[in-house]
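Please read the points below alongside the model.

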Amino acid sequence: MPEAQISNGFREPRMVVRKFLARPQREGVGATVRRSIGRFELKYFDPFLALDEFSVSAPAGFPDHPHRGFETVTYMLQGTVVHEDFEGHRGTIEAGDLQWMTAGRGIVHSEMPAPTGVQKGLQLWINLSSKNKMMEPRYQEIASKDIAEATKDGMKVRIIAGEAMGKKSPVYTKTPTMYLDFTLTPGAHLQQPIPIKWNAFVYVLEGEGVFGNPKTPPTTAHHLLLLGSGDGLEAWNKSLKPLRFILVGGEPLGEPVAQLGPFVMNTQEEIDRTIEDYENYTNGFEKAKYWRSEALSL
């Protein structure tokens, strides 16, 4: 038996197959994002449409805009973002908080930063299957204090979705998904199972770590690592500082993708109908006709 199988118990440990540096770019109105999925090198990683690490200070932000056909997952790392939509839903997402928004048949909303300081976070777009694209919109919002956490052998994990170290997230995902926020102290060694048929990736937030093969050079912050097939990931912190990264996995939908900005459907015809619905305020966008966010009204 190969040494790797003896050391971790995985029948097929996942290796890194591609690596990207997420470079800063402009998005929204004056905001800066580091986009790793959803850029020209990696348009789609089934079922993931986009991953942005954002940094925004007022008056910049993400004013009124629509979505249809997928879910947005906002996870705040620093500061505060105020969210409001055309259904009258309004809330504040603070550091460590999670908002899991299922846009379904249609949402128009705004995401604007607190008036002072720099607000930082992650936003992940997860595709919905054809049978769920026109479902009613919904939210799952979890305060930082209510996110499941576990610690073991110099490692801490916050379980945004899925399961790790015997703890489960209360979040229900239409598209089966795991989303784990790991912090490894120097010398820590992680072994995390991943469903074998799922696609998975790592995004490094702080420090540097070794992933998949212990003999590879360390990966630093703002890098995305696509993982190959297998049933688990090994990671090592061989540095003298803490390592923080997210591990995200999802069950591929295996369906065609037609996308025009914030609209994601299966065919071009469905995109054309979505544009008509949005422009004519029909089929889910009725309330967009007269709604303007408070932020835009100021």
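The numbered points start with how far the model can be read and then turn to the pocket and the strand.

1. This is a predicted model, in which local features need pLDDT of at least 70 and side-chain atom pairs count only at pLDDT 80 or more, while totals for chains, interfaces and linings use all residues. Residues are numbered from 1 along each chain as its sequence is written, and side-chain values use heavy atoms, with hydrogens and water left out.

2. The average pLDDT (the predictor's confidence in each residue, from 0 to 100) is 93, and 96% of the residues score at least 70. Over residues 1-7, however, the pLDDT is below 50, and this stretch has seven contacts (heavy atoms within 4.5 Å) beyond near neighbours in sequence. Where pLDDT is low, the predicted coordinates should not be read in detail.

3. The largest pocket holds about 560 Å³ of space; a pocket here is an open set of points on a 1 Å grid over the protein atoms alone, where a 1.4 Å probe fits, with protein on both sides within 12 Å along at least five of seven lines, and lining residues have an atom within 4 Å of a point. Of its 26 lining residues, E27, R35, D52, Q123 and W125 are the closest to the centre, and the largest share of the lining, five residues, is supplied by β5 (strands are DSSP E runs of at least two residues, numbered from the N terminus).

4. Strand β17 (residues 177-184) has seven of its eight residues buried, that is, under 20% relative accessible area with a 1.4 Å probe, protein chains only.

Notes:
Grid points are joined across faces, edges and corners, and a volume is the space filled by probe spheres set on the points. Helices (H or I, at least four residues) and strands (E, at least two) are DSSP runs, numbered from the N terminus. Buried means under 20% relative accessible area, exposed over 50%, partly exposed in between (1.4 Å probe, protein chains only).
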